[in-house]
Amino acid sequence: MNRKEKIEQERELIGTDKSPYKGTRGGYRAGGGRKKGSRDQVSIKSLLETIDAQTGGRDYEELLVEDFIRSRNEGDRQTTLKYHNLILNKVMSTLAKIEVTDSADAIAAKKAAFAAALSKLTGVNADDSAL
């Protein structure tokens, strides 16, 4: 039985006691779901255009900062914490960079430790393998 035949058979069983889609929640519903070619309810473009129109063309970042300061001044701890999380998660991740540099002595020590660990695992002495 090919895939199309299987789907047809399952469609015929929908609504009967032998339906593979039993239950009162979820599952297949004839005609359910979004139609092909439909769009999201709210698009990012339309959302930003609406914000732009209602705020007189002010930058979104400027509005975020203004709202953050207002929530701090009003003592709204919940909203202030949400802004802090937003800033820490989005802004700080691009600013925080860690640069690790090792001295020549540190690199030599790491090489010796790695060679010792490798020889312990394999049972071959690092000095013997160079021959």
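A: Helices in this account are DSSP runs of H or I with at least four residues, numbered from the N terminus. The model is predicted. With this in mind, the whole chain may be described before the part in question.

The protein chain holds 6 helices and 0 strands. Read from the N terminus, its elements follow the order α-α-α-α-α-α. Of its 131 residues, 5% count as buried.

Helix 3 spans residues 60–73, and both Glu-66 and Arg-70 belong to it. These two residues are 4 positions apart, which is about one turn of the helix. Their side chains meet in a salt bridge, with N and O at 3.2 Å. In general, side chains of opposite charge can pair when their charged atoms come close.

Glu-66 has a further partner. A salt bridge also joins Glu-66 to Arg-58, and here the closest N and O atoms are 2.3 Å apart. Arg-58 in turn meets the side chain of Glu-62 in a salt bridge of 3.0 Å, N to O. The structure as a whole holds 4 salt bridges.

Glu-66 counts as partly exposed at 31% relative accessibility, and Arg-58 is partly exposed at 30%. The cut-offs behind these words are simple: buried means under 20% relative accessible area, exposed means over 50%, and partly exposed lies in between.

Helix 3 also contains Ser-71. Ser-71 counts as buried because its relative accessibility is 5%. The side chain of Ser-71 reaches the backbone oxygen of Phe-68 at 2.8 Å. A second polar contact, of 3.3 Å, joins the side chain of Ser-71 to that of Thr-80. Thr-80 is placed in helix 4, which covers residues 77–95. Thr-80 has another contact, for its side chain reaches the backbone oxygen of Asp-76 at 2.7 Å.

A negative patch is formed by Glu-49, Asp-52, Asp-59 and Glu-61. Among these residues, Glu-49 is found in helix 2, which runs over residues 44–54. Glu-49 counts as partly exposed because its relative accessibility is 46%.

The other patch is nonpolar and has an area of about 490 Å². Val-42, Ile-44, Leu-47, Leu-48 and Tyr-60 make up this patch. Helix 2 gives the most to the nonpolar patch, with 3 residues. Val-42, by contrast, is found in the loop between helix 1 (3–13) and helix 2. With a relative accessibility of 55%, Val-42 counts as exposed.

In summary, two kinds of side-chain contact can be followed in this part. A polar contact joins the side chains of Ser-71 and Thr-80.

Conventions:
Residues are numbered from 1 along each chain as its sequence is written. This is a predicted model: local features need pLDDT of at least 70, side-chain atom pairs count only at pLDDT 80 or more; totals for chains, interfaces and linings use all residues. Side-chain values use heavy atoms; hydrogens and water are left out. Patches are made of residues with over 30% relative accessible area and no salt bridge: like charges are joined within 9 Å, nonpolar side chains (Val, Leu, Ile, Met, Phe, Trp, Tyr) within 5 Å. Accessible areas come from the Shrake-Rupley method with a 1.4 Å probe; for residues, only the protein chains shown count as cover. Lys and Arg count as positive and Asp and Glu as negative; His and the chain ends are not counted. The place of a charge is taken as NZ of Lys, CZ of Arg, CG of Asp or CD of Glu. Buried means under 20% relative accessible area, exposed over 50%, partly exposed in between (1.4 Å probe, protein chains only). A polar contact is a pair of N or O atoms within 3.5 Å; within protein, one must be able to donate a hydrogen and the other to accept it, and residues adjacent in sequence count only if both atoms are side-chain atoms.
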